[in-house]
Amino acid sequence: MQTFGSVGIVGAGLIGSGWAARCLARKIDVFAYDPSPNGETVIRSHIDNAWHALEKLGFNRDEAGKFTYVNNLEELCRNVEFIQESAPDSLEIKTRLHQQIDQITPPDVIIASSSSGLLPTDIQAGTNHPERIVIGHPFNPVYILPLVEIVRGDHTSADTARLAAEFYEHIGMYPLMVKKEIEGYISDRLQEAIWREALHMVADGVASTKDIDDAIVYGPGLRLAIMGVCLTFHLAGGEQGMKHMLEQFGPALQLPWTHLKAPELTENLIDRMVEGTKSQSEGHSIKELERLRDNCLIEILDVLARYQYSAGATNFRADS
Ligand SMILES: NC(=O)c1ccc[n+]([C@@H]2O[C@H](COP(=O)([O-])OP(=O)(O)OC[C@H]3O[C@@H](n4cnc5c(N)ncnc54)[C@H](O)[C@@H]3O)[C@@H](O)[C@H]2O)c1
């Protein structure tokens, strides 16, 4: 399995910090760079926060990789064997940044982008070595969730995708090869469909933000971590499985149940979303809610690991 002794994190916000924490736990040295004046403070505080979860996974901070924050991109690019770019999801920023990284990084270094939906072929534009550029799209919190979608652009080599996948496996992740280059990839397309529908229902006064969340967490959300949408619906068809399920519920697909086109983000809708989620937080800070989420995620993964099923069959623990 491919591993790298040093990884460079370019863009040290929420996602860059999550990558850094995961790699450090796996004893990989991390160099990080961010143009923001408080970049170092932000990433160090995110990493400190992640260690609470990483210790629960059995990792020991005294045995972690070495963390180095650098003030210029050149220093990072000279020192690392794999780069994970996590700058804002703007094509303009990413293309400029990838051209810059590409010029100052040896050609055998893979450059992966955390983009949530941009096309890798667009990000590769104007680089001298587009074959080493690939999408590695993770999920928040990166230091716990195993999924990483790998998307190749027109010029990404098969070796780059394979080596990136092996590396992600080495750091305890589940690399999902997206077969065709599409905007939003797989998981964000699914999330986006739910999100659009949720916004429509709040905008139309059908449901509050809490109603929307209750409709997930007390029912379908519990099943989804185990079997996903397709296998769950296979079980919804009784003994005949998916075939009967499609016969029974197929006609409903023709009904105009869902909007799918995004609603306009009016001031009113924004107020409802912000006030609704503020009230659902019941006075807890984002940090407190993150801690609650992380604790629960680790225990859910523990349960799935007992059955060696879905995400429970991946392993990101100190003893693995
Ligand atoms: N937030 C999520 O849930 C999530 C999940 C998966 C993937 N992503 C993707 O990860 C990437 C980063 O998202 P985030 O949520 O961490 O955003 P963020 O705003 O928390 O962090 C972005 C960081 O990039 C820095 N930055 C700005 N311009 C830069 C440049 N030219 N070079 C290097 N760094 C620069 C900013 O200072 C900031 O620290 C995006 O591509 C996003 O789509 C986000």
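**Exercise 1.** Which residues in α8 meet which residues in α9?

*Solution.* The structure is a predicted model. On the side of α8, the residues are Ala215, Ile216 and Val217, and they meet Pro220, Gly221 and Leu222 in α9. By class, this contact of α8 with α9 comprises 5 nonpolar residues, 1 polar residue and no charged ones.

**Exercise 2.** Determine how helix α8 is oriented relative to helix α9.

*Solution.* Begin with the positions: α8 spans residues 209-217 and α9 spans residues 220-235. Their axes lie 4 Å apart, and the packing angle is about 45 degrees. Angles from 65 to 115 degrees count as roughly perpendicular and those under 35 as roughly parallel, whereas this angle makes α8 oblique to α9.

**Exercise 3.** Describe the crossing of α1 and α2, and the residues that make the contact.

*Solution.* Helix α1 covers residues 14-25 and helix α2 covers residues 39-56. Their axes come within 9 Å and cross at roughly 50 degrees, which makes α1 oblique to α2. The crossing of these helices is right-handed. From α1, the contact draws on Leu14, Ser17, Ala20, Ala21, Leu24 and Ala25; from α2, it draws on Ile43, His46, Ile47, Ala50, Trp51 and Leu54. Sorted by class, the contact of α1 with α2 has 10 nonpolar and 2 polar residues, with no charged residues.

**Exercise 4.** How many aromatic pairs are there, and what kind of pair do Phe59 and Phe316 form?

*Solution.* With ring centres required to lie within 6.5 Å, the count comes to 7 aromatic pairs. Phe59 and Phe316 form a tilted pair, with 4.8 Å from centre to centre and 40 degrees between the planes. Phe59 belongs to the loop between α2 and β3, while Phe316 belongs to the segment after α12; the two are 257 residues apart, and the pair thus links distant parts of the chain. Both count as buried because their relative accessible areas, 5% for Phe59 and 7% for Phe316, fall under 20%.

**Exercise 5.** Classify the pair of Phe82 and Tyr168, and locate both residues.

*Solution.* The ring centres of Phe82 and Tyr168 are 5.9 Å apart, and their planes stand at 80 degrees; the pair is therefore edge-to-face. Phe82 lies in strand β4 (residues 82-85) and Tyr168 in helix α6 (residues 158-170), so the pair ties together parts that are 86 residues apart in sequence. Phe82 and Tyr168 are buried. Ring pairs also link Phe82 and Tyr168 with Phe4, Trp19 and Phe167 into a cluster.

How values were computed: Residues numbered from 1 in each chain as written. Predicted model: local features only at pLDDT ≥ 70, side-chain atom pairs only at ≥ 80, totals over all residues. Heavy atoms only, no water. Axes fitted to C-alpha atoms, helices over the stretch in contact; angles between N-to-C directions. Parallel < 35°, antiparallel > 145°, perpendicular 65-115°, else oblique. Left-handed = near helix turned anticlockwise from the far one by under 90°. Contact = heavy atoms within 4.5 Å. Nonpolar A, V, L, I, M, F, W, Y, C, P; charged D, E, K, R; others polar. Phe/Tyr/Trp six-rings, centres within 6.5 Å; stacked < 30°, edge-to-face > 60°. Buried < 20%, exposed > 50% of the residue type's maximum accessible area, 1.4 Å probe, protein only.
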